[in-house]
Amino acid sequence: MRPPAEPPRGGRRPSPVNPLTWAKDWVRSSPGTHIWLLVIGITSLVIAAASEGLGQFLVHRTSSNIHELNEHPLPSLLISGFWIERPESFLLYAVMFELLHANVERWTGTGRWLLTVGGAHIAATLASQELVLLAIEGHRLPRSMTHVVDIGVSYGLAAAAGVLTYRLRPPWRYGYLAGVLVFFGIPLLTGATFTDFGHAIALAMGFAAWPLTPAAAAGKLPPEDGTGPADRAAGPPPEQRPESPQER
């Protein structure tokens, strides 16, 4: 007689991770980030393929400068966030999107992520252009600055960088926070431009978005193990979960 089959074990056996499956899951868990990145990739190809004159027309026409805000307020605010002035910088932005936007979107959810970075983009754009307008009226800047090129995704990235502070666990949280403050603070204190002011405003809005995070809903900062909703989705079955409270 054959011996009876061994009863199944309670734990799950680790299975090798398929890189393609992992990539698909990553994209599905942060759809807003990757749709945004796809649009930026398309507009970057348009700029790269356009003649110099057409390229200059496009970046000025899609800018959220004073002239365009007066003529086309809503389209300029929205469209300016889908263009970058130098297409060769796209790969760098892609890395930043994966590190900042994707992680924040996975943690907070697409709606709250979009509310945070979209609101920061709009607020920082309006505030920075108001500073330009005041400087023009005070004769500290030439009137040609009403047509300055003001496009890009950096305000949204600054806001995401602020939110991500709450996602990290100690001691990484403190080192990361110091690095972010230095990165955005030095330009602000040494000959700041209107863009530097915009970055500071967007970063502050990212810090202020604490109530929108899962950690705020749980009434505490991220736990020491750094787990979040996406991590728990692949965790043990309910009967094997620890007794301590978890983030939502």
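L38, I42 and V46 form a nonpolar surface patch of about 270 Å² in this predicted model. Patch members have over 30% relative accessible area and no salt bridge, and nonpolar side chains (Val, Leu, Ile, Met, Phe, Trp, Tyr) are joined within 5 Å. Areas were computed by the Shrake-Rupley method with a 1.4 Å probe.

L38 sits in helix α2 (residues 31-49); helices are DSSP runs of H or I, at least four residues long, numbered from the N terminus. L38 is exposed, at 55% relative accessible area. H34 also belongs to α2, but is buried at 15%. The cut-offs are under 20% for buried and over 50% for exposed, with partly exposed in between. Beyond four places in sequence, H34 contacts W26, V27, E98 and A102 (heavy atoms within 4.5 Å).

The largest nonpolar core holds 36 residues, of which W36, F97, L100 and V153 touch the most other members. Such a core joins buried Ala, Val, Leu, Ile, Met, Phe, Trp, Tyr and Cys residues through side-chain atoms within 4.5 Å. Helices α2, α6 (90-108), α7 (110-137), α8 (154-164), α9 (172-189) and α10 (194-208) each supply at least two residues. The most come from α8, with 8 residues. Outside its four-place sequence neighbourhood, L100 contacts L157, A160, A161, L164 and Y176. A separate core has 5 residues, including L58, V59, W83 and I151.

Residues are numbered from 1 along each chain as its sequence is written. Local features need pLDDT of at least 70, side-chain atom pairs count only at pLDDT 80 or more, and totals for chains, interfaces and linings use all residues, while side-chain values use heavy atoms, without hydrogens and water.

Technical notes. Patches are made of residues with over 30% relative accessible area and no salt bridge: like charges are joined within 9 Å, nonpolar side chains (Val, Leu, Ile, Met, Phe, Trp, Tyr) within 5 Å. A salt bridge is a side-chain nitrogen of Lys or Arg within 4 Å of a carboxyl oxygen of Asp or Glu. Buried means under 20% relative accessible area, exposed over 50%, partly exposed in between (1.4 Å probe, protein chains only).
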